[in-house]
Amino acid sequence: MKHILIFLFCSTFIYSTVAAQNLNAFTQETHSFFQTYVKNGLVDYQAVKNNMEEIASLYQNIGNMKLEGVQDNEKKAFYINAYNLIVIHQIAKNYPVKSPMDIDGFFDKQKHKTAHEMLTLNALEKQKLLQPYQDARIHFVLVCAAQSCPPLASFAFSADQLEQQMKQMTEKALNNDEFIRVKASEDKVAVSKIFEWYQQDFLRSAESTLAYINQYRKEKIPEGYSLGYYEYDWTLNDN
């Protein structure tokens, strides 16, 4: 019995080590991809389309990735990278296209093999990220190929830098005058529909939407300001 337990422990350790190594290689390849094709938060879809084998290879790796035994932060970083890559893959496959909304079932019908599970983009976002981690900053690192999305990072998210990277992208979005539109002369602020659609996510860690935003703002928005939502621009985030 003792020998069996030792064998099982060693097998599990080796399996986890191999999974972590594969995940690390995937993260490095993803980082290189984003650095090449993402500039100023936008994607050069034409260039991606011209070199389709790069994104196709990453898309295949997303499907075949094994996550058993890896740490939570490794899973979280993987699923963030996977979401953004799947979005780019689907846009490039259909390019030229004016908006992700022009592709039938882009978010809620088309399924993608993700770590050996078949998931829609909506399921990936909710079941693998929002529900298990309950971290509202996820809304500022997932990019849905639209102009009104937060800017896409030109780097891959990695387990060892995840906290810093998520904070960085959240601060970048919430200090962006186009994303958070303050009208000081009218005591008003217009914010993304993201804050309306996912209000409960933000209220988990703050008393109000403005209180959540102010956690990351350099110039705080007075609590007395009235809050509204501008229309979401689904035009493609094409560079």
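## Before you start

This is a predicted model, in which local features need pLDDT of at least 70 and side-chain atom pairs count only at pLDDT 80 or more, while totals for chains, interfaces and linings use all residues. Residues are numbered from 1 along each chain as its sequence is written, and side-chain values use heavy atoms, with hydrogens and water left out.

## A three-stranded sheet

Strands β5, β6 and β7 form an open sheet in that order, with mixed pairing. Here β5 (180-183) and β7 (226-229) are the edge strands with a single partner each, so one side of each has no neighbour in the sheet. On average, neighbouring strands are turned by 20° against each other, direction ignored; the angle is taken between lines fitted to C-alpha atoms.

Strand β6 (residues 188-191) pairs with β5 in the antiparallel sense over four bridges. Strands are DSSP runs of E with at least two residues, helices are runs of H or I with at least four, and both are numbered from the N terminus. Two strands count as paired if DSSP finds at least two bridges between them.

## The nonpolar core

The largest nonpolar core has 79 residues, and Phe78, Ile91, Phe157 and Phe195 have the most contacts inside it. Helix α4 (residues 72-94) gives the most to this core, with 12 residues. Such a core is a set of buried Ala, Val, Leu, Ile, Met, Phe, Trp, Tyr and Cys residues joined through side-chain atoms within 4.5 Å. Buried means under 20% relative accessible area, exposed over 50%, and partly exposed in between (1.4 Å probe, protein chains only).

Leaving aside residues up to four places away in sequence, isoleucine 91 touches residues including Tyr45, Phe106 and Leu236. Contact means heavy atoms within 4.5 Å.

## One disulfide

The whole structure has one disulfide (a pair of cysteine sulfur atoms within 2.5 Å). Cysteine 144 and cysteine 149 form it, with sulfur atoms 2.4 Å apart. The torsion about their S-S bond is about -90°, so the disulfide is left-handed. Cysteine 144 is buried at 11% relative accessible area, and cysteine 149 is buried at 7%.

## Salt bridges

There are 11 salt bridges in the whole structure, each a side-chain nitrogen of Lys or Arg within 4 Å of a carboxyl oxygen of Asp or Glu. Arginine 137 and aspartate 135 form one, with their closest N and O atoms 2.9 Å apart. Arginine 137 is buried at 9%, as is aspartate 135 at 11%. A network of salt bridges links Lys76, Asp135, Arg137 and Glu163.

Lysine 188 meets glutamate 186 in a salt bridge (3.6 Å, N to O). Lysine 188 is partly exposed at 39%, and glutamate 186 is partly exposed at 43%.

Definitions and conventions
Axes are lines fitted to C-alpha atoms, for helices over the stretch in contact, and angles run from 0 to 180 degrees between N-to-C directions.
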